[in-house]
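Please take a moment with the sequence and the model before reading on. The paragraphs that follow go from charged pairs to the contact between the chains, and then to the DNA.

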2 protein chains.
Amino acid sequence: MRYHRSDVVDRAIAVLDEYGLESLSMRRLAAELGVQPSALYHHVPNKQTLLAAVADEILTRGKRPHRAREWDRRVVEVCAELRDAMLAYRDGAEVVVTAHTFGLGAAEPANQLRAALRDGGLPDDLVDVGTRALLHLVFGHTVEEQMALQAASAGAIDRAPGGPADFERGLELVLDGLRSKVGG
Amino acid sequence: MRYHRSDVVDRAIAVLDEYGLESLSMRRLAAELGVQPSALYHHVPNKQTLLAAVADEILTRGKRPHRAREWDRRVVEVCAELRDAMLAYRDGAEVVVTAHTFGLGAAEPANQLRAALRDGGLPDDLVDVGTRALLHLVFGHTVEEQMALQAASAGAIDRAPGGPADFERGLELVLDGLRSKVGG
DNA sequence: ACCTGAACACCGTTCAAGT
DNA sequence: ACCTGAACACCGTTCAAGT
């Protein structure tokens, strides 16, 4: 059987979702595809690049249309889409955040947020600061939430995991700050 | 030579700072101490626990007195202390954030932030939401900043790394949101 | 109590050789 | 172009045995 890069990425996501990030090794993935580990390096230069591709694919699969017209409602939509996309696969948040940290892929959400803040009439420097703040909030919240969800499903007794309500309230804090500057 | 747990942690920080997190293996650390890898397991149950201890020690070393009296100024002080503590060692932010993510140690900053927000007269649920938002902001910003600093010092040309100015402006966004709720 | 020596079950990556 | 087979240089962790 002959594979393409997209087959490798798809299978990587399947392994990630079923067994978790710590089990997603190049050797394990190769075995899953019925191929020698060295064969993977024909489709992907290294594991880091593969994980970046996995992150991008997770975000692509989570894409949805944005209907909001006001810039601040669109920010909430983009952030919610990002959160839902990461939560859709086991350890998805960890993978996306790591890719973003290393500057590999996962750039789409940042671009959408920047565009929304610019539409809001914010000055360039505040667009930058705001975009980063929103992204860090969504990433931090979602990694924590997914951690708690997975711990709970593994039987560990845990307090309520934050959830979508706390998520939006954290967002509103930053949006309040931004809105107070848009008219200033 | 006989070692104690604190010797192991101290040496781990030295290795971290000099060679980076990816070089901080149990085997490498053992070699650095002139001991067999298995000897480390008399002082520490596993690597995860060691890294949590490293995170806590990094935060302890970065401790400083807080002089601000207003709650919002104290928030800024706590956040700046946290950021500086993590930046003081190579990959320090990554280590502290990972420990916090896995719920191992790194709990002090959260407690200090909670106390400050409570002093501000915020209701309990907003104290929770605000603490998490501030923590995620500081963590996200500092990991990104440290990444950029290390990339720059490794010769990669990079745009200005955010720095303390952007850091405080992101913070102010959330503080604006919180302040608008304290009188409401 | 603390350490050694040896082993177990893995990693990511490279590279000559095959088809 | 894509894959195999074998190797290189590592991992974290366990455990009997020593002092």
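A salt bridge is a side-chain nitrogen of Lys or Arg within 4 Å of a carboxyl oxygen of Asp or Glu, and by this rule the count comes to 32 salt bridges over all chains. Side chains of opposite charge can pair when their charged atoms come close. This is a predicted model, in which local features need pLDDT of at least 70 and side-chain atom pairs count only at pLDDT 80 or more, while totals for chains, interfaces and linings use all residues. Residues are numbered from 1 along each chain as its sequence is written, chains are lettered from A and ligands numbered from 1 in the order in which they are written, and side-chain values use heavy atoms, with hydrogens and water left out.

One of these salt bridges lies within chain A, where the side chains of A:Glu57 and A:Arg61 meet at 2.8 Å, N to O. Because A:Glu57 and A:Arg61 are four residues apart in helix 3 (residues 47-61) of chain A, about one helical turn separates them; helices here are DSSP runs of H or I with at least four residues, numbered from the N terminus.

How is chain A related to chain B? A rotation of 180 degrees, with 0.0 Å of shift along its axis, superposes chain A on chain B with an RMSD of 0.0 Å, the copies being superposed by least squares on the C-alpha atoms of residues with pLDDT of at least 70 in both. The two copies are thus related as by a two-fold rotation axis.

The contact, meaning heavy atoms within 4.5 Å, takes 29 residues from chain A and 29 residues from chain B. Of the interface residues of chain A, 100% are also interface residues in chain B, so the copies meet through the same surface. The area buried between chain A and chain B is about 2,400 Å², with carbon and sulfur atoms giving 62% of it; buried area is the accessible area (1.4 Å probe) that two parts lose on being put together, summed over both. A:Arg132, A:His136 and A:Leu173 supply 26% of the area that chain A buries against chain B, more than any other three residues.

Between chain A and chain B the count is eight salt bridges, and in one of them the side chains of A:Arg132 and B:Asp166 meet at 2.6 Å, N to O. The elements that give two or more residues to the side of chain A that touches chain B are helix 5 (92-101), helix 7 (124-153) and helix 8 (163-182) of chain A, and the largest share, 13 residues, comes from helix 7 of chain A.

Of the 17 residues around DNA strand D, A:Gln36, A:Ser38, A:His42, A:His43 and B:Arg27 come nearest, and sugar and phosphate account for 47% of the atoms of DNA strand D that come within 4 Å of the protein.

A polar side-chain atom of A:Arg27 lies 2.7 Å from a base nitrogen of DNA strand C, whereas an N or O atom in the side chain of A:Tyr41 is 2.8 Å from a phosphate oxygen of DNA strand C.

Technical notes:
A residue is near a molecule or strand if one of its heavy atoms lies within 4 Å of it. A polar contact is a pair of N or O atoms within 3.5 Å; within protein, one must be able to donate a hydrogen and the other to accept it, and residues adjacent in sequence count only if both atoms are side-chain atoms.
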